[in-house]
Every structure is written in C-alpha cells, then in structure tokens.
Amino acid sequence: MPRISILVPIYNVEKYLKKCLDSMIQQTFTDIEIICMDDGSTDGSGKILDQYADKDSRIRVIHKENSGYGNTMNQAIALAKGEYIGIVESDDYIAYNMYDQLYQVAEKYKVDFVKSDYFRMWSHEEDGTEELEYRSLTQQQDLYNRVLNPNEELETYYMEKFTWNALYRKRFLLENKIAYNETAGASYQDNGFWFQTFYFARRVLFIKEAFYRYKQDNPNSSVNSNKKVYAMKEEYDFIRSFLLKQKSVNKKLFHICFHYRLDGYLYTLSMLADSYKQELAAIIKQECEFYEQLGEANFDKFPDYKIEIIQQLRKQPEAYVGCQIQENTRIREILKGHQHVIIYGAGNYGKNVYLKINRILEPGVTIEFAVTDLKGKKSYCYSNIVKEISELAEQKNNGVVIVSVKKDTQAQKEMEAMLEKLQFSTVINCSEIL
C-alpha cells in the first residue's frame with residue numbers, strides 16, 4: 001500500500017499536463033500513487049495520461065464522464081489507498097521534494113494535516129521562462145512551525161485557504177466524513193472542503209517553506225457570467241448548512257463564513273461584466289441585512305476601503321454600481337480607437353493601470369508594458385514581457401501610451417521627453433485612468 005495518494009483532477013489541460021505529471025513522478029518520496037481523474041476531457045489529456053500510466057505503474061487513470069469538480073474529488077478520495085492524501089491541480093506543478101518534506105512533518109508531529117507556503121507562477125510563452133512569486137499563508141509568524149488547534153486559534157481560518165498545498169491524513173478525512181460539495185462546474189467547491197478540514201482538525205502545522213507552483217491566469221480578466229456568483233453563494237450556503245448541523249458551534253465561525261462570503265462577492269463585483277453588476281449588488285445588500293439580523297454578520301476583518309464600499313452598497317447599491325459603470329465607460333472613451341495600449345512604467349502605478357483597464361477594454365486591444373531602460377535584464381509584469389519603450393516606436397501612430405508614474409515628478413518629465421523624441425502621437429498620464 002502506498003503511503004501517499006496524490007489526487008489529480010483533470011479536464012482539458014493537455015498544454016500543462018506533462019509538466020504536472022513529471023513533477024509528481026520525479027518526487028524524492030517514491031512510495032506514492034498518482035490518481036488521475038479524467039473528468040471527460042475532450043482534448044488530448046486522456047491520451048497523455050494513458051501514455052504516462054504505461055511507463056509508471058504508480059499512475060492510476062480513471063476516465064469518466066464529466067461530473068464536476070466536487071464529485072470527481074470525492075470519487076478520488078474513495079479510490080485512494082494511501083495513508084495520506086495530497087492534491088495537485090493539473091495545470092500546476094510541484095517541487096521535487098514537496099511530499100518528502102510534508103510527510104516527514106506529518107509523521108513527526110502526528111498532525112491531521114500539514115500546510116506550506118506556495119508560489120504564484122506565471123508562464124511566459126514568448127521566451128519559455130517562468131516568474132515565481134513567494135506567497136505566505138499568513139503574516140502572523142507565530143502561527144508557523146508549531147502544532148495548533150484551529151478552533152482554539154481562530155486566526156488560522158483567515159490564512160490562505162487553498163487545499164492543494166497540504167498533506168492530509170486520510171483517516172482524519174474519512175472519520176469526519178469530510179467531502180466536497182457536489183455542485184455543478186468547477187468553481188469554489190474546494191472552499192467547503194477547506195472549512196471542514198479546519199473545523200474537525202485538532203492538530204495541524206503550518207511550515208514556512210514553499211513547494212507548490214500555482215499557475216496564474218489573467219489576473220484581472222472580466223467575469224462574463226453570473227454563474228460564478230451563484231456558485232459562490234451555493235458553496236457558502238453549504239458551509240453555513242454544515243455549521244448549523246454541528247453541536248455547540250462557536251458563533252465566531254459563522255462570522256468567518258460570512259466574511260468569506262462577502263469578501264468573495266466584493267471581489268467578483270469588481271471583476272463582473274457591467275451587465276451583471278446590479279444583480280450582485282442587490283444580493284450583497286440583501287445578505288448583509290439578512291445575516292446581520294441573524295447575528296452572523298461581522299465586518300471587523302475588512303480593511304477601511306472595503307468597509308466604505310460595503311456601506312455604499314448597503315445604502316444605495318444601484319447608485320454605487322451606476323458610478324462604477326460610468327467610470328468604466330469614461331475609461332473606454334479615453335482609450336477608444338486605439339488597438340494598442342502601452343503602459344509606460346512597470347511599477348505600482350503601471351500595475352494599477354493594468355488592473356483597471358484590462359477587464360474593460362474592447363476585444364482585440366493589446367496591452368504591453370514598457371520602461372525606458374531594462375539595463376540588459378529581463379523583466380515581467382503580470383505575465384507580460386516588459387520591453388524598452390524604443391522597441392515599441394513602430395506603434396507611435398496607432399497606440400496610446402499611458403505614462404504610469406506619479407504626476408508632476410522628474411520621472412514623468414523624463415518619460416514624456418523620451419516619448420516626444422520617439423514621436424508617439426497619443427500620450428496620457430495615469431492620473432486620467434486611476
């Protein structure tokens with residue numbers, strides 16, 4: 001019997017699958033099984049899985065009809081033979097020593113699960129390189145490297161809540177009947193699993209080391225459907241229903257459930273296509289009132305700027321959304337007619353401009369980052385290769401340049417002088433966007 005079962009849900013990821021599989025079969029901890037759940041893929045994923053299974057007997061491939069993420073993961077848990085369970089998403093990959101390190105910690109401290117920090121990862125197709133960003137589970141250093149009980153230290157619930165940067169004792173999952181919510185699709189079902197593991201755990205340990213590479217999609221692509229809104233609502237209804245079934249629940253756990261529900265709504269509202277914003281704003285107002293009446297609403301963990309947004313949504317949701325739509329329309333008008341947008345400056349101002357415009361630009365409009373001098377080094381910003389502004393001079397007549405530094409500074413003057421020298425015809429300052 002293998003000591004670790006690695007569960008891998010797969011759906012149409014042929015582009016990334018080989019790298020994912022290679023990272024698992026090359027683990028220094030070799031006593032593993034890799035359960036690959038092909039959830040009805042229609043690309044070449046199934047063929048790749050079969051090829052790998054033919055070469056490595058530790059790989060078990062299950063080809064099945066598409067049934068959604070939650071159902072697929074529950075099937076995988078039922079199939080697992082290992083003492084421990086790990087999870088790897090099929091477009092991500094892991095460090096060669098991940099399960100060696102996590103297993104040693106789990107065994108030494110006899111924990112229900114162990115979790116680690118992780119990397120966010122961007123792939124750069126133009127030159128085949130990758131960019132990694134270290135991400136900590138929490139900024140509270142005292143929560144690392146010691147055994148603790150999440151329900152005695154509720155701050156742990158506010159740590160990053162991913163499920164794949166961990167190793168779970170299978171007996172712990174089975175004895176507590178921890179399972180995924182089997183809703184349709186593949187959105188948010190891991191939230192319920194995360195919450196249950198924290199609720200039932202009595203011994204957990206977090207380590208300040210990163211092994212998992214979490215692939216980033218477009219960081220600010222627009223959500224053009226309200227399906228994710230209702231998927232999120234269903235998942236937090238599931239978590240709340242789970243809590244209501246338990247005996248003697250700490251009231252603060254309902255506060256935590258509400259916090260993540262509302263925080264998810266606010267994030268989605270910022271990403272949602274304009275045509276769906278009013279509907280979500282109304283849901284936010286209704287649910288804030290509903291859960292406040294029940295004594296489950298709590299806003300203590302929200303920063304001031306989010307509190308301000310919440311207050312506006314509760315008072316006048318239609319007016320708040322109207323202002324957001326009006327602002328998006330204003331920015332579209334500024335950039336209208338330009339097929340190329342050059343963000344000149346790749347620091348915080350440039351990043352904020354990107355996050356502001358990327359989700360609202362017309363289809364087909366390209367965005368590029370530029371600086372004056374790369375000094376011979378490669379640089380990236382949100383998976384985009386940063387170029388020197390002189391390399392983009394050919395776009396001087398059909399692109400708009402957004403000078404993305406603080407207004408009325410020497411840097412702005414020098415950048416505008418460079419643009420004048422290169423004869424860019426349309427130049428604006430980021431203050432017109434932000």
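Two strands are said to pair if DSSP finds at least two bridges between them. Strands here are DSSP runs of E with at least two residues, helices are runs of H or I with at least four residues, and both are numbered from the N terminus.

## Basis of the description

This is a predicted model, in which local features need a pLDDT of at least 70 and side-chain atom pairs count only at pLDDT 80 or more, while totals for chains, interfaces and linings use all residues. Residues are numbered from 1 along each chain as its sequence is written, and side-chain values use heavy atoms, with hydrogens and water left out.

## The open sheet

An open sheet is formed by 6 strands, in the order β12-β13-β11-β10-β14-β15, and its pairing is mixed. At the edges stand β12 (380–381) and β15 (426–429); each has a single partner strand, so one side of each is left without a neighbour in the sheet.

Strand β10 (residues 340–344) runs parallel to strand β11 (residues 366–371), and 5 bridges join them. Within this pair, His-340 of the model stands opposite Thr-366 in β11.

The loop between α11 (317–335) and β10 contains His-338. With a relative accessibility of 16%, His-338 counts as buried; the term buried means under 20% relative accessible area, exposed means over 50%, and partly exposed lies in between (1.4 Å probe, protein chains only).

Leaving aside residues up to four places away in sequence, His-338 touches Val-365, Asn-398, Gly-399, Val-400 and Thr-426. Contact here means heavy atoms within 4.5 Å.

## Two loop residues with positive phi

Asn-145 is not a glycine, yet its phi is positive, at about 60 degrees. Asn-145 lies in the loop between β7 (129–135) and β8 (166–169), and it is exposed, with a relative accessible area of 53%.

Gln-423 is likewise not a glycine and has a positive phi of about 65 degrees. The loop that holds Gln-423 is the one between α13 (410–422) and β15. Gln-423 is exposed, its relative accessible area being 52%.

## Helix α7

Helix α7 (residues 227–245) has 19 residues, which at 1.5 Å a residue should span 27 Å; its end C-alpha atoms are 27 Å apart, which agrees. The expected span of a helix is taken as 1.5 Å times one less than its number of residues.

The buried residues of α7 are Val-229, Ala-231, Met-232, Glu-235, Tyr-236, Ile-239, Arg-240, Phe-242 and Leu-243. Among the elements that cover these buried residues are α6 (189–200), α8 (251–271) and α9 (274–293).
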